[in-house]
Structure formats: structure tokens, C-alpha cells
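Me: I have a structure here that is new to me. Can you walk me through it?
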Amino acid sequence: YNIIDDLAKNNAGHLSLAFSPERGIEMFVATYPIFHKQFPGIIVEPQEMRVASQLSQINKGYIDLGLVTVEEKEKSLDLEYEHIRYEPLLLALPRCNPLAQNATDPDALLEDLPYMDLKKCERNPFVLMSKGSTLSAIIYKIFKQANFSPNVIFETASNRTLITMAKNNIACTITSAEYYQYREDIAYYRIPGDP
């Protein structure tokens, strides 16, 4: 906060910012033009890296600010966190999957999506986020709570790949509400407990 305050007062300086690959760039692109217009003398150095690396780099003082997705227990006690938003995880099935027979209309609002017990999907193939990502750790906990191990045909670091696989009737996936799209081809469900 002190660094940002000093930069804002002087309208000059350097701010190193980190965000997760793929998701973070969308946030950066949406906010940078506004920031740059208000503070044209501040040089922003954006970097893409996974959450664990961000937290480590911030702790060491190499990065000023990071945009991270973390569970409460993963927070470093040495850092300050500002909650931006809550983003539920959704089960995404190819719309032609027999389990999707009670799917909502493609124009349904997120809060109107029905719930589905993950155990119903245990015979379906899944594509999931690659191990080592924050999202992957959360997803595997969800499967453990549902009391089954998914048939994972592959893992990826790309949310877009997950959605594309569901859209093309290849597999089911779990993704964040940020990727609630391609609803003509994908049936989305909320997960009990709204993780």
C-alpha cells in the first residue's frame, strides 16, 4: 500500500505485478488502460506465474503485487490479502451427455443453475487442471469429498482447453464460473457446497 501510495502521489515509478497464466492477462488488459491513463508515469511490469511462485516472489520482495486464487489456509502470514471476489467452481458436461437431461437453458443465470452430485459422473471421462495449480488442489479435494477418483484422460494448464474438451463432447470438467460460456454446447451445474 505504501509503494502504491508513493507512486500515486508522484505519478512516477515502477510497479511489478504478477498474475496467473491465462486468467490474469484478461484482468490486466481490462484494468491497465484505466490505470495508465490516470498514472502515465508509472511503469507497470506484468509477469505471469503460478500462485506458489507469486507468493514466494512477493515474500522475497521481487514483486510488489500479485493477483492470486488461494484458500484461506494457503495464505502466507507474512503477506496482506485483499479479497476481490468469490468465484464458485462449476461442473461442465457436454450438453449431449445423458446426465445433462435436466440442464438449464443456455441463457440461464449462474445462480439459477441446478446442483449435481459429482458421484453421478463417475463413469464419465474428465479433463482437469494440471497438478501444481491452486485449482487442481481444490478440485481433487472435491472429488475426495464425493468419494470417488475421476477417470482423468489428461490434465492441462489451460482453462480454455478444459472448456473446449467439454464443448466438443470429449470429456467433463470442473472450471471456475469465470468460464461459464459456450452454453449451447455445455451444460453447467453447481457443485454441492458451492466450492
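Me: What share of the contacts with a separation of 6 or more comes from residues 24 or more positions apart?
Reply: In this predicted model, residues 24 or more positions apart account for 72% of those contacts in the chain.

Me: How many helices and strands are there in the chain?
Reply: The chain has five helices and eight strands. Their order along the sequence is α-β-α-β-α-β-β-β-α-β-α-β-β.

Me: What does the C-alpha trace span along its principal axes?
Reply: About 60 × 35 × 25 Å.

Me: And how much of the chain counts as buried?
Reply: 40% of its 195 residues.

Me: On to the inside. How many residues does the largest nonpolar core have?
Reply: The largest nonpolar core has 26 residues. L89, L91, L93, L118, F143 and I174 have the most contacts inside it.

Me: Which elements give two or more residues to this core?
Reply: Those are strand 4, strand 5, helix 4 (134-145), helix 5 (159-167) and strand 8 (186-190). Helix 4 gives the most, with five residues.

Me: New topic: T175. Where is it?
Reply: T175 is in strand 7, which covers residues 173-176.

Me: Buried or exposed?
Reply: T175 counts as buried because its relative accessible area is 0%, and the cut-off for buried is under 20%.

Me: Which side chain makes a polar contact with the side chain of T175?
Reply: That of N159, at 3.3 Å. Neighbours within four places in sequence aside, T175 is in contact with P88, L89, L90, N159, I163 and Y188.

Me: What about S76, where is that?
Reply: S76 sits in the loop between strand 3 (65-67) and strand 4.

Me: Why does a loop residue like S76 count as buried?
Reply: S76 has 18% relative accessibility, so it counts as buried; the limit is under 20%.

Me: What does S76 touch?
Reply: Not counting residues up to four places away in sequence, S76 touches N59 and Y81. The side chains of S76 and N59 are also joined by a polar contact of 3.4 Å.

Me: How far is S76 from S56?
Reply: The two are 20 residues apart in sequence, and 9.3 Å apart in space from C-alpha to C-alpha.

Me: And N97, where does that lie?
Reply: N97 lies in the loop between strand 4 (89-94) and strand 5 (125-129). With 12% relative accessibility, N97 counts as buried. Residues up to four places away aside, N97 touches N124 and C172. C172 is also in contact with L93.

Me: How far apart are N97 and Q181?
Reply: They are separated by 84 residues in sequence and by 17 Å in space, C-alpha to C-alpha.

Me: Now pockets. How much space lies in the second largest pocket?
Reply: About 200 Å³.

Me: Which residues line it?
Reply: The second largest pocket is lined by E71, D117, L118, I138, K141, I142, Q145, A146, I191, P192, G193 and P195. The lining divides into seven nonpolar, two polar and three charged residues.

Notes:
Residues are numbered from 1 along each chain as its sequence is written. This is a predicted model: local features need pLDDT of at least 70, side-chain atom pairs count only at pLDDT 80 or more; totals for chains, interfaces and linings use all residues. Side-chain values use heavy atoms; hydrogens and water are left out. Helices (H or I, at least four residues) and strands (E, at least two) are DSSP runs, numbered from the N terminus. Buried means under 20% relative accessible area, exposed over 50%, partly exposed in between (1.4 Å probe, protein chains only). A polar contact is a pair of N or O atoms within 3.5 Å; within protein, one must be able to donate a hydrogen and the other to accept it, and residues adjacent in sequence count only if both atoms are side-chain atoms. Contact means heavy atoms within 4.5 Å. On a 1 Å grid over the protein atoms alone, a cavity is a set of points where a 1.4 Å probe fits but cannot get out, and a pocket is an open set with protein on both sides within 12 Å along at least five of seven lines; lining residues have an atom within 4 Å of a point. Grid points are joined across faces, edges and corners, and a volume is the space filled by probe spheres set on the points. Ala, Val, Leu, Ile, Met, Phe, Trp, Tyr, Cys and Pro count as nonpolar, Asp, Glu, Lys and Arg as charged, and the others, Gly among them, as polar. A nonpolar core is a set of buried Ala, Val, Leu, Ile, Met, Phe, Trp, Tyr and Cys residues joined through side-chain atoms within 4.5 Å.
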